[in-house]
Amino acid sequence: MGYYLILDIGGTKTTTVLFDEKGDPVTGFNVAASRTYEGEDAVFENTVTEAYKTIKEAGISVADIAAIGVAAPGPLDYRTGLIIDVPMMGWKNFPLGQRLRDEFHVPVYVENDGNLGALAESNVGVAKGKEVVLYQTISTGCGGGIAYNGKILHGHSGFSGEFGHVSINFAGPKCGCGGNGCFELYASGTALNKRMIRDIENGIRSQAFDAIGYDPQRVSGKILTDAAEKGDSYAIGMLRQEGMYIGAGLSNLINIFDPDVIVLAGGIAKAHKWFFEDMMCEIQRRACFEYSKDRILISELNDKVVAYGAYVMAKKAISGEEF
Ligand SMILES: [Zn+2]
């Protein structure tokens, strides 16, 4: 019986979990700070320490592990596990896969979180069995991934699915990627927070801001949904506008892929009841053909989706299947 050690290394936190052969987690989804910005070895050492803790929790030894599945920020080379350039981790050409192989002496597979989200949803999530599955996170940033017949569509170099950097405004603000008006600059939680800070500075009154004493440091999606529940018109308007931005972004993807389904995940996606209708209006206005609302699904794996994707990847790879 082989176990699968799953490491989901994110910008702020690292999740570690062990899955059994059948795909059931046998430990908790253990979350620790990633020690980002402490240098390239700090993040790695932190990951290894957390891995050993989880192995101990399960009461197994390293010899019982069939493979390790890793989710990491991209860009990365999924064929070798080389991380190409992630400034926040201090990783530039960092051989994450090889370092983990040297440490644990088992097969290691590394992919970016957006691709793993698509893999998870199309194999064990709400899009299970669907042919063309797009995965879109709306969180701090806006990641994406494409699955075709249950496999990741990697593209030539493994970099496909950068939906956050599809432009929705030719003359929009400059993005870190080099483009202008990228989807992420409008629809992400970061962008939503910026709009709230601007509104606090402009003296806008709202129950959302009452809740945080008009402190710009404390804005979040949650203050909007809480205030929307109380009928606050500013909060409802902001969430409806969010729906318009998301719809504009998704309509581009729909026109290109005509996907069976799009799965939305991430913190902002949880507020879907407030933005879904406006999102659909925008999609219907912009898409070249009818796209029904039951083809946009909300992830049920939520915060665990990437870890499940890393499990599916490792399991497929060990079974000799493409992922
Ligand atoms: Zn961009």
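Predicted model: local features only at pLDDT ≥ 70, side-chain atom pairs only at ≥ 80, totals over all residues.

In terms of contacts, 14 residues of domain 1 touch 13 residues of domain 2.

As for specific polar interactions, there are zero salt bridges between domain 1 and domain 2, whereas two residue pairs, both at pLDDT 80 or more, are in polar contact across this boundary.

## Domain layout

The domain assignment of the protein chain places residues 3–118 together with 306–318 in domain 1, and residues 129–300 in domain 2. Taken over C-alpha atoms, the centres of domain 1 and domain 2 are separated by 27 Å.

## The zinc site

Which atoms coordinate the zinc ion? The donors are ND1 of His-165 and the SG atoms of Cys-175, Cys-177 and Cys-182, at 2.0 to 2.3 Å from the zinc ion. Along the chain, these donors follow the spacing H-x9-C-x1-C-x4-C, and among them Cys-175 and Cys-182 are both buried.

The angles among the four donor atoms of the zinc ion run from 103 to 121 degrees, and the site is tetrahedral. It counts as tetrahedral because all angles lie between 85 and 135 degrees, the range required of four donors. For reference, the ideal angle at a metal with four tetrahedral donors is 109.5 degrees.

Key
Residues numbered from 1 in each chain as written. Heavy atoms only, no water. Donors = N, O, S within 2.8 Å, 3.2 Å for Na, K, Ca; no water. Tetrahedral: all angles 85-135°; square planar, octahedral: opposite > 155°, others 65-115°. Buried < 20%, exposed > 50% of the residue type's maximum accessible area, 1.4 Å probe, protein only. Domains from an automatic or database assignment. Contact = heavy atoms within 4.5 Å. Salt bridge = Lys/Arg side-chain N within 4 Å of Asp/Glu carboxyl O. Polar contact = N/O pair within 3.5 Å; in protein donor to acceptor, adjacent residues only side chain to side chain.
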